[in-house]
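Thanks, everyone; I would like to walk through one structure this morning, starting with a single side chain and then turning to the cores.

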Amino acid sequence: MATRSRSVNSGKEKSFIAIMRDDLHAKNLRVPPQFMKYLSGDLTDHATLITHSTACWEAAISRAEETIYFKGGWENFFEDHSLGHDELLMFTYKGNMHFHVRVFGRDRCLRTQNARPQIQRQLPGESFTSSFPHFKICLRKSSFQPFYLLPIPTTANMILNPPREATNFVMRCGGRVWDVKCLQNAAGKHRFSKGWRNFVRDNELKPGDTCAFEQVATYELRVTVFRC
């Protein structure tokens, strides 16, 4: 049975909607194949679902044919929001596999009540701000082994504006300095590569930590680490 979902794109925001069917969506949710072009280069093994209250849930990504499914962890989101038949969810993509989710009832009015409070948690570094251009990345397993590559979200590309050729960025954290190379793949997406492994190791980073990157000079980033 196909998921009743479709892309809804307005301006720069890319969104899709899904109409809940109890028997179909309690365990997983299919992302519309036509939405996959907006995720190209950002795909990892997990997605983060964030509600209006800034509570968040992790969902494992399962790939199938030309699309992906939200699986492991999705059932928690489904149950914690007491989702029912014919309710509507709107997923707005914020980059780096982060989705803001709005829940609409059967009357198509936005639901504003919180989910079960015991499972809510703030994203590490959620309140971080800076006078410098900046972006945040929540680290996932794919940010580490086996290749130690860190995809740069589209919003960060607009801040860094890296050239097409390989470029070295200086990362400063805790009084130390690392040279980290930024590469562009065939799809035009950028990622930190050589040198990122050393930064991860020296700062004892792990999945779930958040790094806030401030662009203090053209190719210089000040990094603040928020532990999960």
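By contact I mean heavy atoms within 4.5 Å. This is a predicted model, in which local features need pLDDT of at least 70 and side-chain atom pairs count only at pLDDT 80 or more, while totals for chains, interfaces and linings use all residues. Residues are numbered from 1 along each chain as its sequence is written, and side-chain values use heavy atoms, with hydrogens and water left out.

Let me begin with Arg111, which sits in the loop between E8 and strand E9 (134-138), strands being DSSP runs of E of at least two residues and helices runs of H or I of at least four, numbered from the N terminus. Setting aside neighbours within four places in sequence, Arg111 is in contact with His52, His81, Ser82, Leu83, Glu87, Val103, Phe104 and Gly105. Arg111 counts as buried because its relative accessibility is 16%, where buried means under 20% relative accessible area, exposed over 50%, and partly exposed in between (1.4 Å probe, protein chains only). A polar atom of the Arg111 side chain lies 2.5 Å from the backbone oxygen of His81.

Now to the cores, a nonpolar core being a set of buried Ala, Val, Leu, Ile, Met, Phe, Trp, Tyr and Cys residues joined through side-chain atoms within 4.5 Å. The largest has 27 residues, and those with the most contacts inside it are Leu49, Phe70, Trp74, Leu89, Phe91 and Phe99. Among the elements that give two or more residues to this core are strand E4 (46-50) and helix H2 (74-80). A second, separate core has 25 residues, including Phe135 and Val225.

Definitions and conventions
A polar contact is a pair of N or O atoms within 3.5 Å; within protein, one must be able to donate a hydrogen and the other to accept it, and residues adjacent in sequence count only if both atoms are side-chain atoms.
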